[in-house]
Amino acid sequence: MALDQSFVGRSYPPTAPYEVGREKIREFAEAVGDTNPAYVDPAAARQLGHTDVIAPPTFVFAITFNAAGEVVHDPELGLDYSRVVHGDQKFAYTRPVRAGDRLTVTSTIEGIKSLAGNDIIDVRGEVHDEAGDHVVTAWTKLVSRAAEGA
């Protein structure tokens, strides 16, 4: 069943702050195989003009995807999460994510469409730091696959 188009433009309240830790950044960089010293060595990060280690560009996915969960699990939207797959992801940064950042995400539904029985939902996540400054915008495309035989 097609999702309700009236949800396009709906925003959800900001998430609780997520505190970015050096160890989380190191673990993420290690998991994705990125050996950039600015991700693990504060001195290397300072040489590049940062106040502390910075996170790889895709680090913020975990934070924004969790925030998109509020959209996905909105009972009024009626999305069947058991059929959802991640379709696409992109980011636009104002500045890198740094250790010590306390980030919040505000999610907004940017688009809903149906294609071949699949529901496609585009969610924009605006990430701000504790001072309210913009850090990154993340766009997540989710696809709710059509039921068998639909």
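**View 1. Strands β3 and β4 pair in the antiparallel sense.** In this predicted model, strand β3, residues 102-115, is joined to strand β4, residues 118-128, over 11 bridges, where strands are DSSP runs of E of at least two residues, helices are runs of H or I of at least four, and both are numbered from the N terminus. Two strands count as paired if DSSP finds at least two bridges between them. Val105 has Val127 in β4 as its bridge partner. The model is predicted, so local features need pLDDT of at least 70 and side-chain atom pairs count only at pLDDT 80 or more, while totals for chains, interfaces and linings use all residues. Residues are numbered from 1 along each chain as its sequence is written, and side-chain values use heavy atoms, with hydrogens and water left out.

**View 2. Five strands form an open sheet with antiparallel pairing.** The strand order is β1-β3-β4-β5-β2, and the edge strands β1 (18-19) and β2 (84-93) each pair on one side only.

**View 3. The largest pocket has a volume of about 190 Å³.** A pocket is an open set of points on a 1 Å grid over the protein atoms alone, where a 1.4 Å probe fits, with protein on both sides within 12 Å along at least five of seven lines; lining residues have an atom within 4 Å of a point. Grid points are joined across faces, edges and corners, and the volume is the space filled by probe spheres set on them. The lining includes Tyr18, Phe28, Asn66 and Val105. Helix α3 gives the most to this lining, with 4 residues.
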